[in-house]
Amino acid sequence: MAKEDLLQIIDVDGTYDSKLEPKLPAETLLRGYRNLVLVRVLDARMLSLQRQGRIGFYVPSEGEEACQVGSTLALNKEDWIFPAYREPGCALTRGLDLKLMIALEYANSLDVNKGRQMPNHFGWRSINFVSASSPVGTQIPHAVGTAWAAKIRGEALVTLAYFGDGATSGNDFHVGMNFAGVFKTPTVFFCKNNQYAISLPLSRQTAAKTLAQKAQAYGFEGVRADGNDLLAVYAATKAAADKARAGGGPTLIEAVTYRMGPHSSSDDPTRYRSAAEVAGWTRKDPLERMRKYLELKGLWSAEKETALRQELDALITDTIREVEKAPPPAIETLFTDVFEDLTPVLKEEMEAYLKSGERRRPEVLDKFPL
Ligand SMILES: Cc1ncc(C[n+]2csc(CCOP(=O)(O)OP(=O)(O)O)c2C)c(N)n1
């Protein structure tokens with residue numbers, strides 16, 4: 001079912017190409033689907049919490065779930081992920097605790113970053129998941145550098161950088177791609193082409209026919225996969241990671257997808273794209289497609305779907321409740337975390353601040369408990 005130059009394994013009706021289908025165990029397929037749904041349900045809840053004033057900001061990824069889950073499933077534990085800010089499905093697939101993820105949105109004392117990180121900018125050392133980059137594309141050279149270090153050390157690991165179509169116009173993309181090509185670093189460049197960089201459409205981003213073809217100029221392979229097809233994303237990423245691990249150098253993957261929702265909770269996409277355009281992509285929904293595929297394989301049913309939705313809804317509600325109970329981070333850490341020993345000036349400032357008794361906790365949390 002490879003259409004023109006686009007790798008597709010599952011079609012919109014769930015039928016699939018058994019010749020291209022990666023033979024994944026049922027347990028992996030079901031875990032993949034569960035994570036797709038988890039990201040979707042979490043997204044909706046987080047956006048609504050933002051609208052209620054319980055959290056400040058959120059970056060949704062509706063429509064891009066298969067890009068995240070399919071690619072992360074194809075990596076090994078020791079591989080390093082360098083995400084942008086729209087990769088919750090990768091962190092969850094890697095095993096990031098949901099509570100820690102939600103606590104980051106609340107920036108309270110359960111948040112390991114103590115409220116000093118942007119929302120959605122997860123990072124966790126134990127799962128080799130680097131803190132997300134907010135400046136567009138800076139994670140690309142970081143991933144290449146880490147891959148180069150691994151190559152020099154003789155470690156058989158791969159690094160994967162996620163970025164959007166907008167990032168391909170930035171200098172970090174050029175720097176990273178060029179270096180990776182010259183030094184044959186074990187890097188997978190995973191471009192989620194979601195058609196927009198905030199309000200800028202792809203047609204204004206590049207005059208190139210595809211983003212994948214940009215790899216040619218750097219001397220390595222670029223491939224295109226249907227980003228709404230979990231199996232196509234998995235297969236493309238697995239092939240690129242296997243090649244990199246075997247010393248074959250980097251690959252650029254262009255995963256063709258669509259951002260169904262706003263760029264962030266501060267964006268209104270109706271100002272720059274039509275309802276008809278969005279409706280056209282709704283047909284290609286990555287969750288629907290995977291669900292129909294699993295049904296055809298005899299692995300899924302309407303009852304299982306209802307049970308899963310209920311389970312995830314309850315899990316998220318319970319986690320939010322628990323996170324909301326936590327107080328703000330200890331205010332003195334603003335001062336004590338700066339240097340190993342508190343300087344006299346910081347000590348004076350801290351004492352004055354503590355005397356003022358100021359503690360911030362959104363009023364809405366106590367006025368309207370969940
Ligand atoms: C260097 C830099 N320039 C501009 C911005 C503002 N900005 C934030 S997200 C974004 C669009 C990025 O689009 P893309 O790379 O396609 O990723 P997407 O958000 O679609 O996933 C821009 C311009 C930024 N964060 N960093």
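Modeller: Below, each label is set against its definition. This is a predicted model, so local features need pLDDT of at least 70 and side-chain atom pairs count only at pLDDT 80 or more, while totals for chains, interfaces and linings use all residues. Residues are numbered from 1 along each chain as its sequence is written.

Biologist: Fine. Why is Ala225 called buried?

Modeller: A residue is buried if 20 or more other C-beta atoms lie within 10 Å of its own, exposed if 12 or fewer, and partly exposed in between, with C-beta atoms placed from the backbone. Ala225 has 32 C-beta neighbours inside 10 Å, so it counts as buried.

Biologist: And what makes a residue a contact of Ala225?

Modeller: Two residues are in contact if their C-beta atoms, placed from the backbone, lie within 7 Å. Leaving out residues up to four places away in sequence, Ala225 touches Leu6, Leu7, Ala232, Val233, Ala236, Ile253 and Ala255.

Biologist: How do you know where Ala225 sits among the strands?

Modeller: Helices (H or I, at least four residues) and strands (E, at least two) are DSSP runs, numbered from the N terminus. Ala225 lies in strand 7, which spans 221-226.

Biologist: What makes strands partners in the sheet?

Modeller: Two strands pair if DSSP finds at least two bridges between them. Strand 3 (residues 159-164) and strand 4 (residues 187-193) run parallel and are joined by 6 bridges, so they meet that rule. Leu160 has Val188 as its bridge partner in strand 4, and Thr159 stands opposite Thr187. Strand 2 and strand 3 also run parallel, with 3 bridges; there, Ile81 is partnered by Leu160. The open sheet has 6 strands in the order 1-7-8-4-3-2, with parallel pairing.

Biologist: Why are strand 1 and strand 2 called edges?

Modeller: Strand 1 (6-7) and strand 2 (80-82) each have a single partner strand, so one side of each is left without a neighbour in the sheet.

Biologist: What makes strand 3 largely enclosed?

Modeller: 6 of its 6 residues are buried, so strand 3 is largely enclosed by the rest of the structure. In a regular strand the side chains alternate between the two faces of the sheet. Thr159, Ala161 and Phe163 are buried on one side of strand 3, and Leu160, Tyr162 and Gly164 on the other.

Biologist: How do you know helix 2 is enclosed too?

Modeller: For helix 2 (residues 65-73) the count is 9 of 9 buried, so helix 2 is largely enclosed by the rest of the structure. Its buried residues include Glu65, Gln68 and Leu73.

Biologist: What makes a set of residues a nonpolar core?

Modeller: It is a set of buried Ala, Val, Leu, Ile, Met, Phe, Trp, Tyr and Cys residues joined through C-beta atoms within 7 Å. The largest one has 85 residues, and Leu160, Val188, Ala236 and Ile253 are among those with the most contacts inside it. Helix 9 gives the most to this core, with 11 residues.

Notes: Axes are lines fitted to C-alpha atoms, for helices over the stretch in contact, and angles run from 0 to 180 degrees between N-to-C directions.
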